[in-house]
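Please read these notes with the model open beside you. They are in numbered points, one topic to each.

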Amino acid sequence: MANIKFSAFTSGATTGNTKIVGYDSTSNTNNQYTLAELADGLASKLIQNFIIACSDETTALTTGTNKAVFRMPYAFTLTAVRASLTTAGGGLGGTTIDVNLNGSSIFTTALLTIAAGDKTSTSTTPPNITTTALTDDGEITIDLDGISAGATETGLKVTLIGYKTP
């Protein structure tokens with residue numbers, strides 16, 4: 001059996017008649033999946049990131065809207081959002097960021113936050129994302145709603161984490 005090529009097993013396979021057996025841990029069953037179902041399932045598991053620079057690396061940040069604006073290249077299911085700084089903010093308060101889809105925030109009342117003295121939002125409670133379906137050609141805008149009392153933050157980047165919507 002070691003000398004048989006994989007193509008010998010798949011030579012009669014077509015998209016119409018080929019199914020793959022896979023275990024569904026939700027229902028504790030083995031199921032048969034078509035190639036299209038398998039492709040859709042894999043697409044939802046292939047994590048992608050969009051990393052957006054919202055400033056240069058050395059100029060101190062200022063609050064304001066539309067620090068970065070771009071359009072989604074395809075439909076995307078958002079699973080997490082992170083932010084980072086090149087230079088951490090000093091003094092009281094932190095850096096507060098809002099991400100909008102077509103003019104509306106993707107978050108509930110709590111926005112994405114980087115605590116004073118930190119360079120990343122991973123040390124704070126992640127925001128509650130209420131809009132996870134980013135539409136194809138949807139306009140994404142990133143606002144900087146707050147900076148620390150020291151106003152020393154530089155180099156803001158926002159990372160959108162998720163997968164291409166099948």
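1. L134 is buried, at 2% relative accessible area. L134 sits in strand β9. Helices (H or I, at least four residues) and strands (E, at least two) are DSSP runs numbered from the N terminus. With neighbours within four places in sequence left aside, L134 is in contact with M72, Y74, A75, F76, L78, L101, I106, I140 and L160. Contact here means heavy atoms within 4.5 Å.

2. A word on provenance. This is a predicted model, in which local features need pLDDT of at least 70 and side-chain atom pairs count only at pLDDT 80 or more, while totals for chains, interfaces and linings use all residues. Residues are numbered from 1 along each chain as its sequence is written, and side-chain values use heavy atoms, with hydrogens and water left out.

3. Which strands make up the open sheet, and in what order? There are four, in the order β3-β11-β5-β9, with antiparallel pairing. β3 and β9 are the edge strands; each has a single partner, so one side of each is left without a neighbour in the sheet. Strands of a sheet pair through backbone hydrogen bonds, either parallel or antiparallel. The pairing of β3 with β11 is antiparallel and runs over six bridges. Two strands count as paired if DSSP finds at least two bridges between them.

4. K157 deserves a look. It is found in strand β11, and A53 stands opposite K157. The K157 side chain makes a polar contact of 3.0 Å with the side chain of T86. The side chain of K157 also reaches the backbone oxygen of G155 at 2.9 Å. A polar contact is a pair of N or O atoms within 3.5 Å; within protein, one must be able to donate a hydrogen and the other to accept it, and residues adjacent in sequence count only if both atoms are side-chain atoms. Outside four places in sequence, the contacts of K157 are I51, I52, A53, E57, R82, A83, S84 and T86.

5. How many salt bridges are there? The count is three, where a salt bridge is a side-chain nitrogen of Lys or Arg within 4 Å of a carboxyl oxygen of Asp or Glu. One of them joins K157 to E57, with the closest N and O atoms 2.8 Å apart. K157 lies in β11 (residues 157-164) and E57 in the loop between β3 and β4 (64-71), so this pair ties together parts 100 residues apart in sequence. E57 is partly exposed, at 39% relative accessible area.

6. R71, D137 and E139 are linked in a network of salt bridges. D137 and R71 meet at 4.0 Å, N to O. D137 is in the loop between β9 (133-134) and β10 (139-146) and R71 is in strand β4, so the pair ties together parts 66 residues apart in sequence. R71 and E139 also meet at 4.0 Å, N to O. This pair links R71 in strand β4 with E139 in strand β10, 68 residues apart. R71 is partly exposed, at 45% relative accessible area. E139 is partly exposed, at 28%.

7. Check the backbone at two places. Most residues other than glycine have a negative phi, and most peptide bonds are trans. N102 has a positive phi of about 50° although it is not a glycine. N102 lies in the loop between β6 (94-101) and β7 (104-105). Its C-alpha atom is 9.5 Å from that of L134, 32 residues away along the chain. D137 has a positive phi of about 70°, and it is not a glycine either. D137 is partly exposed, at 45% relative accessible area.

8. Last, the surface. I20, L35, L38, L42 and L46 form a nonpolar patch with about 390 Å² of accessible area together. Patches are made of residues with over 30% relative accessible area and no salt bridge; like charges are joined within 9 Å, and nonpolar side chains (Val, Leu, Ile, Met, Phe, Trp, Tyr) within 5 Å. Accessible areas come from the Shrake-Rupley method with a 1.4 Å probe; for residues, only the protein chains shown count as cover. Helix α2 (residues 35-43) gives the largest share of the patch, three residues. L46 lies in the loop between α2 and β3 (48-53). Is L46 buried or exposed? L46 is exposed, at 53% relative accessible area.

Technical notes:
Buried < 20%, exposed > 50% of the residue type's maximum accessible area, 1.4 Å probe, protein only.
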